[in-house]
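Notebook open, viewer loaded. I'm jotting things down as I look them up.

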Amino acid sequence: MEFKDVIMNRRSVRSYEDRPVSDEDLKEILEAGLYAPSAVDLQPWYFVAVKSPDEMKKVYEVMGKVSDDCAPALKERFSAFPQVADESIKFIRMLGGAPVVILAFLNKPGLTKTDAPMVESVSAAIENILLAATAKGLGSCWLTAPLQDSNNDSGKCWLVPAEEGENSRALREAFAPDKGELVAIVTLGYAKKTPKAPKRKEGRFVIV
């Protein structure tokens with residue numbers, strides 16, 4: 001697949017086949033993340049790939065709480081499209097049945113979400129992971145919903161609170177207690193349904 005095709009074919013997949021991802025593919029996808037650029041070469045990322053049923057139960061337990069916290073905001077955001085809200089809530093809760101979930105953490109304990117260059121560096125690594133998955137014919141979806149919880153006064157599940165929330169802390173304590181905060185999670189697997197690309201917004205760059 002040409003590199004341009006990899007970029008254009010990447011989608012946020014929210015429904016997956018009951019089909020395992022090989023350890024070989026998973027390792028190559030994670031290694032792609034390690035080759036992302038980072039601020040002053042700190043490489044401040046740490047990934048936990050969850051695939052065993054017992055460990056996945058821990059993720060589902062937290063995501064059930066996340067879906068409850070996000071439900072009111074999603075229903076408000078998609079009030080004209082209640083089916084979209086319901087599907088989004090269900091996806092957050094069960095992660096589309098993805099066979100793999102990758103948790104992305106800051107690998108610098110003590111850093112917070114206000115340390116923008118570190119979070120940006122981890123985000124660059126996540127994008128590498130998404131593109132590597134696409135190149136292998138796999139679907140993926142990047143979620144920040146676990147960073148949100150009911151303690152966020154904004155009431156918007158797409159806005160990240162300044163302090164670590166209960167849900168993201170629960171995932172960190174379960175999977176990487178000696179690392180920094182959770183930045184995002186990525187679902188990974190073979191797509192059961194691949195959505196169309198949303199229309200790109202105009203006027204988002206200029207060449208001077």
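I began with methionine 8, which I found in helix H1, residues 3-9. Keeping in mind that this is a predicted model, I checked the surface there.

Rings next. How many aromatic pairs does a search of the whole structure find? Zero, so no pair to note down under the 6.5 Å cut-off between ring centres.

I then looked for charges over rings and wrote down two cases. Arginine 19 has its charged end over the ring of tyrosine 190, 3.6 Å from the centre. Arginine 14 lies over the face of phenylalanine 91, and here the distance to the ring centre is 5.8 Å.

On to strand E3, residues 139-143. Is E3 mostly covered or mostly open? Mostly covered: four of its five residues are buried. I looked up its partner as well: E3 runs antiparallel to strand E4 (residues 182-189), and five bridges join them. Within that pairing, I found tryptophan 142 opposite valine 186 of E4. A reminder to myself: side chains in a regular strand alternate between the two faces of the sheet.

Last stop, glutamate 163, in the loop between E3 and helix H6 (166-175). Why do I log glutamate 163 as exposed? Because its relative accessible area is 58%, and the cut-off for exposed is over 50%. I also checked glutamate 163 against lysine 51: they are 112 residues apart along the chain, with 28 Å between their C-alpha atoms.

How values were computed. Residues are numbered from 1 along each chain as its sequence is written. This is a predicted model: local features need pLDDT of at least 70, side-chain atom pairs count only at pLDDT 80 or more; totals for chains, interfaces and linings use all residues. Side-chain values use heavy atoms; hydrogens and water are left out. Helices (H or I, at least four residues) and strands (E, at least two) are DSSP runs, numbered from the N terminus. Rings of Phe, Tyr and Trp (its six-membered ring) pair if their centres lie within 6.5 Å; planes under 30 degrees apart count as stacked, over 60 as edge-to-face and the rest as tilted. A charge sits over a ring if NZ of Lys or CZ of Arg is within 6 Å of the ring centre and within 35 degrees of the ring normal. Buried means under 20% relative accessible area, exposed over 50%, partly exposed in between (1.4 Å probe, protein chains only). Two strands pair if DSSP finds at least two bridges between them.
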